[in-house]
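Welcome to this guided tour! Open your viewer, find the selection tool, and follow along stop by stop.

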Amino acid sequence: MPRYCITIEYDGTPFVGWQVQADGETVQGSLVRAIEAFCGVAVQVRGAGRTDAGVHARGQVAHFDLSRDWDPFRVAEAVNFHLRPSPIAVIGCRVVPDAFDARFSAIRRHYLYRILPRRAPAVLEANRVWRVSQALDHTAMDEAAQVLVGQHDFTTFRAAGCQAKSPIKTLDRLAVIARDGEIHVAATARSFLHNQVRSMVGCLKAVGEGKWTCSDLIAARDACDRSACAAVAPAAGLYLTQVDYPDAATERVT
């Protein structure tokens, strides 16, 4: 059975998240139905990350097995046809080794959080940015962000219902950049805790508006206590932008 790896983008606004649930429309469920409509067989679709309700993706990755060989271009075209009108698109498809797993083969995940600091509502970017009414000091935010880079106990930035076995994670990069009138927070790690990025962004926003100092962020980090976290940033501004794999994981041997 050939294994296919697809790269997907989606607007997370109408979904209750990636993972299939008893109630509500999900990205995973939409893909399962579209693939079955194309090939006539029910398949399992496994994603690289379980994005929450309202979270978007520009580079989500998933894999599934089909009972016969299909040209990857035809697979992408057919799945996209059956996905309509859902705001999901397959933007890449290829055959990968049987051992490839979209989740467990990943070595890095990249997230982007978009903040729009302005008084006026975000009309064209509604549900795609976090609009905050006050100006933010992105330089102070970036300087403070560096205290979270490296290996730490991220309990403070972890959702109460997080199912990860350990709160200890290694954050490879956390950068705050001013771009085209927005403030972008870019985060990279092998894996993240549930709500970790949004929790960190919420704390950095407090730094940017002058309510927190870098020392306050360090204290929150070291408290290892969820109650020490600032208000969590909303889902709308968060994007899964890219998932990295070792070359050997995705190169099919023929």
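A word you will need at every stop: a residue is called buried when its relative accessible area is under 20%, exposed when it is over 50%, and partly exposed in between, using a 1.4 Å probe and protein chains only. Please keep in mind that you are looking at a predicted model, where local features need pLDDT of at least 70, side-chain atom pairs count only at pLDDT 80 or more, and totals for chains, interfaces and linings use all residues. Residues are numbered from 1 along each chain as its sequence is written, and side-chain values use heavy atoms, with hydrogens and water left out.

**Stop 1: the whole chain**

Show the chain as a cartoon. Its secondary structure comes to six helices and 10 strands; these are DSSP runs numbered from the N terminus, with helices (H or I) of at least four residues and strands (E) of at least two. The radius of gyration is 19 Å, close to the 18 Å that the globule rule gives for 254 residues, so the chain is as compact as a globular protein of that length. That radius is taken over C-alpha atoms, and the rule is 2.2 Å times the number of residues to the power 0.38. Along the principal axes, the C-alpha atoms fill a box of roughly 60 × 40 × 35 Å.

Of the 254 residues, 50% count as buried.

**Stop 2: Q21**

Select Q21, in the loop between β1 (3-10) and α1. Is Q21 buried or partly exposed? Q21 is partly exposed, because its relative accessible area is 41%. Leaving aside neighbours within four places in sequence, Q21 is in contact (heavy atoms within 4.5 Å) with V16 and T26.

**Stop 3: S30**

Move on to S30 in helix α1 (residues 27-39). S30 has a relative accessible area of 5%, so it counts as buried. Which residues does S30 contact, leaving aside its neighbours within four places in sequence? They are F15, E25, L83, S86 and I88. With E25, the side chain of S30 also makes a polar contact of 2.7 Å. A polar contact is a pair of N or O atoms within 3.5 Å; within protein, one must be able to donate a hydrogen and the other to accept it, and residues adjacent in sequence count only if both atoms are side-chain atoms.

**Stop 4**

Select R84 and P85. A cis peptide bond joins R84 and P85, with omega at about 5 degrees. P85 belongs to the loop between α2 (72-83) and β4 (88-96).

**Stop 5: rings and charges**

Rings of Phe, Tyr and Trp (its six-membered ring) pair if their centres lie within 6.5 Å; planes under 30 degrees apart count as stacked, over 60 as edge-to-face and the rest as tilted. By this rule there are seven aromatic pairs. One of them is Y111 with F192, an edge-to-face pair at 5.3 Å centre to centre and 85 degrees between the planes. This pair links distant parts of the chain, 81 residues apart: Y111 is in strand β5 (residues 108-117), and F192 is in the loop between β9 (182-189) and α4. Y111 is buried at 12% relative accessibility, and F192 is buried at 17%.

Next, select R68 and W70. The charged end of R68 sits over the ring of W70, 3.8 Å from its centre. Such a charge is counted if NZ of Lys or CZ of Arg is within 6 Å of the ring centre and within 35 degrees of the ring normal. Then find R58, which lies over the face of Y239 at 4.6 Å from the ring centre.

**Stop 6**

In the loop between β9 and α4, select N195. N195 is not a glycine, yet its phi is positive, at about 70 degrees.

Finish with K205, in helix α4 (residues 196-208). Is K205 buried or exposed? K205 is buried, because its relative accessible area is 16%. Not counting residues up to four places away in sequence, K205 touches W130, V132, Q134, L136 and M141.
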